[in-house]
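Hi everyone, thanks for coming. Today I'd like to walk you through the aromatic rings in this one.

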Amino acid sequence: MSMHAAELESFLSTQDAKTQLRFITCGSVDDGKSTLLGRLLYDSKTVFEDQLSATETESRKYGTQGESVDLALLVDGLQAEREQGITIDVAYRFFETDRRKFIAADTPGHEQYTRNMATGASTADVAVILVDARKGVLTQTRRHSYIVSLMGIRTAVLAVNKMDLVAYEQSAFDAIAAEYAEFAGRLGIESVHPVPLSALTGANVCAAPSDAMGWYQGPTLMEVLETLEVVNDAGSRSFRLPVQWVNRPNSEFRGFSGTVAAGSVQVGDLVAAALTGRTSTVTRVVGPGGDLDTASAGQAVTVVLADEIDVSRGDVLAHADDQPNVADQFAAHLIWMDDTSMLPERTYQIRFATATATAQVTDLVHQIDVNTLEHLAAKTLELNHVGYCKLALDRPVAFDPYHLDRQTGAFVLIDKVSNATVGAGVVDFALRRASNVEWHAMKVDKALRAEVNGHKPCVLWFTGLSGAGKSTVADVLEQKLHVLGRRTYLLDGDNVRHGLNKDLGFTDQDRVENIRRVAEVAKLMVDAGLMTLVSFISPFRSERAMARALMEDGEFIEIFVDTPLDVCEQRDPKGLYKKARSGELKNFTGIDSAYEAPEKPELTLPSAHMSPEQLADLVVDHLRKLGRLG
């Protein structure tokens, strides 16, 4: 282990008698966060400084992507990242005084880095909110405070900085303190400790109170941080162990490894696997150094059970008499963190502590104005916006409401195409509206229908720009399949908008819902044993991937009708390009709305160089090669 890692391990050791406080510094740009932290570090016993990326800080145990890792490897790895010039999202400063140890999360104040601030707040006990005495409480101050409250922090220190630039006037401080106290009270922040200071001069930061502010008789910032009572009730809550992996090195040992998120567990406890409800007795609790009598919140352990019950990664072990929620729908607050808007019904990957699933925002109930806390009507969420949503998952997961458990109640949303983290949320409560709906298995199934039809059902998904020739080729193809005696149905974009989707427009969110409905209909038709032709622009890769995911392997055949934009404009069979170019038609694909071409389609049709007959023949040949024609 390197000296650097050894120092950190010693610093974080629970054997030390000193209490430990985690805090986050936040506020608007240029409020003085870096200067203030520099002053705190300079005037205290600095152990060392290190930086962790947002991905790495998803784990309270300084793990990567939720996995516990060796501390030395992590610290050495971070050093290597810095040398390679990799961007760091959250800076962590580790220092101590004679009375307490501190871990400070230093996050940028810029609006575009709100995601980093949310990451730092997710594991903090206290928030230090900086305000420039000249500017007062700003929108970013309110946004950060709202996120702080959303992340479960109930104690804030209001550091009114740059008092030297307002001649240390008490009236400036009092006005800011009063305004912020009123706003914090509406957020549910229970305790606010205002301190007037100057990080540049050191006034009221660490040393004795400043003579320049004789009117202030309270403690310095450091004294507030040293004496704040740290309320960490993770150990007093009911036992939760999100399972990271099943540890089975040999036939005689089968354990379930992870980090205890809350409560404690000991040999003899009756525990349950949340997803199945099956119970068993704990026979061993194994830590890094060997067997333990008990393990509590924050410890990485392997739990061995008396029975071979079904437990896998993503499940949660809990005491049998107090289990987490298990549901596939819930209500949550969602912070959007991506330049691309959140679109209801678009599919994302959702990640809880160790569980992953596919999720959709089924209902954006309202957006929250961080200045007034008003609930605003909205159809989508933009970067840094906060909304209250309902989400639906493709399978049940185990979780707790966030106010009961900050680890099992938090989640992130990940774009399935780019793999970027696009949102972070906290669960409010489970929705039970679908808990009594079960799939009814029918005796006549898809296989029997396909046998009668004499061919294998599939979806032939034609995508391309308007005017590319999708509907023309699909129409010719269906005629050819009909002559061959194959049973088909053609879903055409324009035709469907006369009925099923006549309530939808052409905004991005409407396009997402348009494809979602069509994909579900196509799935039903495949289940009926039909060869289903779908002719839609379907501009977004995400929705085409969603449609593919609904089908079984080999059933979804993506056909890219590849026609250059200039050729489509020359054809312009409906005069739509002309209207779009003149501004009469908004949100038109290829002009002022994006088209994301397929990256790996099963078939590409060069419609600018071949006739519809020839293109349809290419599809028939492809179906023969796949064995889909029977």
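**Aromatic pairs**

Let's start with the count: there are 14 aromatic pairs, where rings of Phe, Tyr and Trp (its six-membered ring) pair if their centres lie within 6.5 Å. Take Phe23 and Phe102: their ring centres are 6.2 Å apart and their planes stand at 75 degrees, so this pair is edge-to-face. On that scale, planes under 30 degrees apart are stacked, over 60 edge-to-face, and the rest tilted.

Phe23 belongs to strand E1 (residues 19-27) and Phe102 to strand E4 (residues 100-106), so the pair ties together parts 79 residues apart in sequence. Strands here are DSSP runs of E, at least two residues, numbered from the N terminus. Phe23 is buried, at 1% relative accessible area, and Phe102 is buried too, at 0%; buried means under 20% with a 1.4 Å probe, protein chains only.

A quick word on the model: it is predicted, so local features need pLDDT of at least 70 and side-chain atom pairs count only at pLDDT 80 or more, while totals for chains, interfaces and linings use all residues. Residues are numbered from 1 along each chain as its sequence is written, and side-chain values use heavy atoms, leaving out hydrogens and water.

Next, Trp336 and Tyr348, both buried. Trp336 sits in strand E18 (residues 325-336) and Tyr348 in strand E19 (residues 347-351), 12 residues apart.

There's a cluster as well, with ring pairs linking Phe330, Phe352, Phe399 and Phe411.

Finally, the charged end of Arg497 sits over the ring of Phe506, 4.0 Å from its centre; the rule asks for NZ of Lys or CZ of Arg within 6 Å of the ring centre and within 35 degrees of the ring normal.

Notes:
Helices (H or I, at least four residues) and strands (E, at least two) are DSSP runs, numbered from the N terminus. Buried means under 20% relative accessible area, exposed over 50%, partly exposed in between (1.4 Å probe, protein chains only).
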